[in-house]
Amino acid sequence: MRYLPALAAAVFAMAVWQTVVSLTDLPKFILPGPMLVAETWWKSRWLIAEHTLTTGIEVLIGLAAGAALGILTAIQLATSRMARVLVQPMLVFTQALPVFALAPILTLWLGYGLWSKVAMAVLIIYFPVTSSFFDGLMRTPPGYLDLARTMQATSRAVLWQIRVPAALPNLASGLRLAAVYAPIGAVIGEWVGASKGLGYLMLLANGRAKTDLMFAAMLTLGVLSVLLHIAVRKATAPMAGEAR
Amino acid sequence: MKPAPEITFVGQALLGSGQLFAPLSLTLLAGRWTCLLGGSGVGKSTVLRLMAGLQTDAVFDGTIRASDGADLAPRISYMAQDDLLLPWATVTQNITLGARLRGEKPDQARLKRLLERVRLTDHAQKKPAQLSGGQRQRVALARTLMEDKPVILLDEPFSALDAQTRAEMQELAVELLAGRTVLLVTHDPGEAARLGHAIMVMEQSGLTHCPPPETEVPRQVDDLETLAAQASLLRLLRGEAA
């Protein structure tokens, strides 16, 4: 029932799309209609599945590695003033660099295979995860810290039993953002240089004027991202303090 | 529990270039309730926070001493207006927080006894969000008692509760904290009149000692002497002659 509005929106978008195609009579290599895209999708389903698997693996590894790296960095930053002074400005700077500019370099360093795409995904989600979790760790309600102090708590215990649990809702929102960003990172990596993956397939189809196949790949990527987002949202619900 | 000491607080607090409160001398009688009454912003919470060894915006110039000369910090337990219950932890986990934060094993027998005394045995596994305001404050009281410290610092712990619950909590606290040196910071003259073995009104210029009613605490809310004390405390707070 909860997905009914989303379904309605999808149907509406398809209808608009089909109307535009029918009214303008654009050639199908410019704008293929939804029916044609669906047909192509079905015909090329094994091809698309193979490339989806590649992109999926890149995204999942990237998401796990980026999240782990972000979590560790946030904890390090929150516990060490030295780390804050040395690392924080650098973190902001890396975020200021467009990932597009880094993609060729990563491909040069890590090759055309899986790892340059994983690195792109990691790079793009590292900052949102780190920064949201770090913010949460630095904003522990001061009353909790007062209480812990009067209880003669060690700073280690305060970190693990109070600051980290209090920051989990922030981490959850960082991870949810990461789930949306990670596929973007992987696809950018594939555009720059790859022989597999949905990004590669889109580029290939576009180059050969197989616009219908490009649309099919693109929509598959969209669905993959949405599914990932839903999965991460569900998985982080207890962290965010929802459905308790 | 170790014997409760008497505590002497002597000093002033400076805030920026000005003075938060003038030099004052406050003594907490051993094993008794001392009520520090005052309006907002006079620095009464600062006095309590200084005793608790907590950070304040003010700079303290003075001394805080226990009558036996030993260090105060490991002997205090603190309770605030906000119950400060961790929302992700159960009632039991909240009550045993101190032990968990020090890496000690909580005393299960003591926990069980305390849960019974604050009437929360049936709620032991619940999360704070499932409890009422009064129940939450009883958990906070149990957590304070679980620490088994001889000095208890209470920073308006009952002021957010409704009138009935507040009266109940006051009685429960007096019963459970008997024999400990208690500082209660409050803005409620009625609360000070009910609970104080010693009552002080704090103003920027200093402390005024007010004689408490002679009856035993917790005093009845309709006790005439208590009501008279409450009225004179209120007059004092409003700057009228007592």
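**Figure 1. Surroundings of B:Leu37 in the predicted model.** In this predicted model, B:Leu37 is in contact (C-beta atoms, placed from the backbone, within 7 Å) with B:Thr186, B:His187, B:Pro189, B:Ala192, B:Ile199, B:Met200, B:Val201, B:Met202, B:Leu233 and B:Leu237, once its neighbours within four places in sequence are left aside. Residues are numbered from 1 along each chain as its sequence is written, and chains are lettered from A in the order in which they are written.

**Figure 2. The nonpolar cores.** A nonpolar core is a set of buried Ala, Val, Leu, Ile, Met, Phe, Trp, Tyr and Cys residues joined through C-beta atoms within 7 Å, where a residue is buried if 20 or more other C-beta atoms lie within 10 Å of its own, exposed if 12 or fewer, and partly exposed in between. The largest such core holds 67 residues, and those that touch the most other members are B:Leu37, B:Ala142, B:Leu153, B:Leu183 and B:Leu233. Helix H5 of chain B (residues 133-146) contributes the largest share of this core, with six residues; helices (H or I, at least four residues) and strands (E, at least two) are DSSP runs numbered from the N terminus. A second, separate core has 50 residues, including A:Val59, A:Leu63, A:Val118 and A:Val129.

**Figure 3. Packing of H2 against H10 in chain A.** Helix H2 (residues 34-43) and helix H10 (residues 211-235) of chain A pack at an angle of about 80 degrees with their axes 8 Å apart, the axes being lines fitted to C-alpha atoms over the stretch in contact and the angles running from 0 to 180 degrees between N-to-C directions. H2(A) and H10(A) are therefore roughly perpendicular to each other, since angles under 35 degrees count as roughly parallel, over 145 as roughly antiparallel, 65 to 115 as roughly perpendicular and the rest as oblique. From H2(A), the residues making the contact are A:Leu36, A:Val37, A:Thr40 and A:Trp41, and from H10(A) they are A:Asp212, A:Leu213, A:Phe215, A:Ala216 and A:Leu219. By class, this contact has seven nonpolar, one polar and one charged residues, with Ala, Val, Leu, Ile, Met, Phe, Trp, Tyr, Cys and Pro counted as nonpolar, Asp, Glu, Lys and Arg as charged, and the others, Gly among them, as polar.

**Figure 4. Packing of H7 against H8 in chain A.** The axes of H7(A) and H8(A) come within 11 Å and cross at roughly 170 degrees, and the two helices are therefore roughly antiparallel to each other. Here A:Tyr144, A:Leu145 and A:Ala148 of H7(A) meet A:Val158, A:Ile162 and A:Ala166 of H8(A), a contact with six nonpolar, no polar and no charged residues.

**Figure 5. The side of chain A that touches chain B.** In this view, 16 residues of chain A are in contact with 20 residues of chain B. Helix H7 (142-150) and helix H8 (155-192) of chain A each supply at least two residues of the side that touches chain B, and H7(A) gives the most, with seven residues. By class, this side of chain A has nine nonpolar, four polar and three charged residues. The model scores ipTM 0.89 and pTM 0.85, and the mean pLDDT of chain B is 89, with 99% of its residues reaching 70 or more.

Key
This is a predicted model: local features need pLDDT of at least 70, side-chain atom pairs count only at pLDDT 80 or more; totals for chains, interfaces and linings use all residues. Two residues are in contact if their C-beta atoms, placed from the backbone, lie within 7 Å. pLDDT is the predictor's confidence in each residue, from 0 to 100.
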